[in-house]
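These are my notebook entries on one structure. I set down below what I looked up, entry by entry.

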Amino acid sequence: MRTRPANKWSVADSTALYGINQWGEGNFSISAKGEVNITIPFAGGKVAIPVIDIIQSARDRDHQLPLLLRVENLLDARIAEINETFQQAIQDAEYTGTYSGVFPVKVNQQRTVIEEISHFGADCGHGLEAGSKAELLLCLAKLNETGLLICNGNKDQDFIDLGLWANKLGHRCFFVIESPIELPLIIERSQKLGIRPLLGLRIKVSTKVAGLWTETSGDRSSFGLSTAQLIATVDELRQAGMVDCLQLLHCHLGSQIPDITEIRTAVREASRFYADLAAENIPLKYLDLGGGLAVDYIGNQSLHSHSRNYNLGDYCRCIVETIKETLSPHKIDHPVIITESGRATVAHTSILLFNILNVMRYEPMTLPSSSPENCHPLVEQQYKLYKNATEVNLTGGYTEALTNRDRIRELFKSGDIRLRERALAENLVLAIFNTLSERLDRLEEIPVSLSELKPILADIYYGNFSVFQSLPDTWAIGQMFPIMPIQRLDEFPERNASISDLTCDCDGKLDRFLLAGGESKTLPVHPLNRGEDYILGVFLMGAYQETLGDLHNLFGDTNVINIRINEDGGFDIIEEQSGDTISEVLNMLEYNPISFYKEFRDKIELAVKQKRISVAERQQILTQFSAQLNGQTYFKSR
Ligand SMILES: *Cc1c(COP(=O)(O)O)cnc(C)c1O
């Protein structure tokens, strides 16, 4: 239980509690009705659509929860914003080069996302970045005519041939050389096909950045050329008469860089590389600074690994000004600036929505009005503590209750306490904890010795989703996303909860939350209302999650809908994808659903022969089995 504040709870209180105005950056807000809205600015004013209306629309088309919602307007807005902000910084700094963004496909390879980026990006020349052969093919098919195509990652002969052909087709396709072994093959293939390549070199800057992805930067990073290798590669190119192909310098420091000082230091170092190579008469034109532009998942503009101490304007100015300052004294032309922002481009576009199936509360069931006769002295002692819980010393009472609980469990294991006594004792300890917890609420500050009390009493809300399929980074690297109820935000959220998913894995949970007050082990939520769905939304989860997700416990893809919000206040469903059926998931693991069905039918037939079931029952079982093969992997609400 959370202590009810003295004043009536309002939408403004929810807004502050969940920090939606900070991380939402104007895209999300809470309406007077207490519902989360998606807000899109149009020339004629803002349009706000309640998330619950979109869910209803999906349901009308038989797409049940869990549902992944993508909002195309939010993707367009990010691309426009990144391009416009760089233009502005370039203008303000009187920088003479231009900006050319690319989207790294690995951050979200979904067709609808790539198609929208390519389509919307055509006007501002926003291109794509590929890191593998499969991604290259995808880019070749989908890239607009104006954007750059940057190829990082390992390249074999087929990769190189296709990239060379792309240049003949009119694309500007750059091979970024990551390792010295790539160059001989590129030279050989380009001579063979008679197509000159566009080349870039990936450098290792010595600047190491903080955050969750520090390993991408520094000497021991597995990507890029050391300075010695860089010079050797340049000399090799000169010898092959191909130094004119070398037009781009690339570095990527890692993702989600919280500190702009580190970005500035790295950009300065990269610019120094650029300046000295340019001084050697290498016709460089492009400086590619990779990804790293952070998303403020908390919204507090801090150095926390989930935040950043800068905004987009600061980022663009920092890059533009640092390059200019470093190059201008040497009279070197300002390069075209490329950035490969992935996370910052797509994070906002996707929201995962799931319903709560069940709740576990850590509250005692009924307790007897006096301790039972002949019960074990330790249980008796716990009973006394329960009766005095409103008066005992807080820390002392807490420690004693815990010690008693653990000793009672030991005595149960050794056969000295009976099952029913243990059940009573478990109820008692919960009753004691709940009373102490209520008393704790009246204190100004929670003593360190009692910091575990609230979390052990928190409810568990069981959600209809899989962490491993939909939010794999929360499990793999401790990523946190903003998460909150999407309705009832005009009501006081009187419960504290952690969230468990559908998998049978103790890692399938969310138990670290970003709240406006800081990081918390529990999320404030509302008690479920009978007969009513309780729906939580996980926001800013459009980057990296979809293809990293896996089939743990065979939970497959959720349903997906893409919407576009219109100026007239409505929205269109642009695309709807049904989640994986059980038979599709089984197919991925090499089961053949047809023979699978037959094997089961044979078993049923045998049961009929052995008279364990009737023929009518056989039909019933088979119908259900086959319907489930075509059904989805998630929990179906009645
Ligand atoms: C992953 C990656 C990116 C994307 O980084 P974000 O931090 O998501 O913007 C950019 N460039 C390269 C080379 C990458 O590997």
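Entry 1: I looked up Asn-553 and found it partly exposed, with a relative accessible area of 39%. Here buried means under 20% relative accessible area, exposed over 50%, and partly exposed in between, with a 1.4 Å probe and protein chains only. The model is predicted: local features need pLDDT of at least 70, side-chain atom pairs count only at pLDDT 80 or more, and totals for chains, interfaces and linings use all residues. Residues are numbered from 1 along each chain as its sequence is written, and side-chain values use heavy atoms, with hydrogens and water left out.

I noted that Asn-553 has a positive phi of about 55° although it is not a glycine. Asn-553 is in the loop between helix 19 (545-548) and strand 22 (559-565). Helices (H or I, at least four residues) and strands (E, at least two) are DSSP runs, numbered from the N terminus.

I then turned to Asp-62, which also is not a glycine and has a positive phi of about 65°. Asp-62 is exposed, at a relative accessible area of 59%, and lies in the loop between helix 3 and strand 4. Most residues other than glycine have a negative phi, and most peptide bonds are trans.

**Entry 2: a cis bond.** I found the peptide bond from Leu-65 to Pro-66 to be cis, with omega near 0°. Pro-66 sits in the loop between helix 3 (51-60) and strand 4 (67-71).

Entry 3: How many of the seven residues of strand 22 are buried? I found six, so strand 22 is largely enclosed by the rest of the structure. Two strands pair if DSSP finds at least two bridges between them. Strand 4 pairs with strand 22 in the parallel sense over five bridges, and Leu-69 stands opposite Ile-561 in strand 22. Strand 22 and strand 23 (residues 571-577) run antiparallel and are joined by six bridges. Ile-565 has Phe-571, in strand 23, as its bridge partner. The hairpin of strand 22 and strand 23 has five residues between the strands, and Gly-569 in this hairpin takes a positive phi near 95°.

**Entry 4: lining of the largest cavity.** I read the lining (residues with an atom within 4 Å of a point of a 1 Å grid where a 1.4 Å probe fits but cannot get out). Among the lining residues are Cys-251, Leu-289 and Tyr-315. Helix 10 supplies the largest share, three residues.

Terms used. 1 Å grid on protein atoms, 1.4 Å probe; cavity = no way out; pocket = protein on both sides within 12 Å on 5 of 7 lines; lining within 4 Å.
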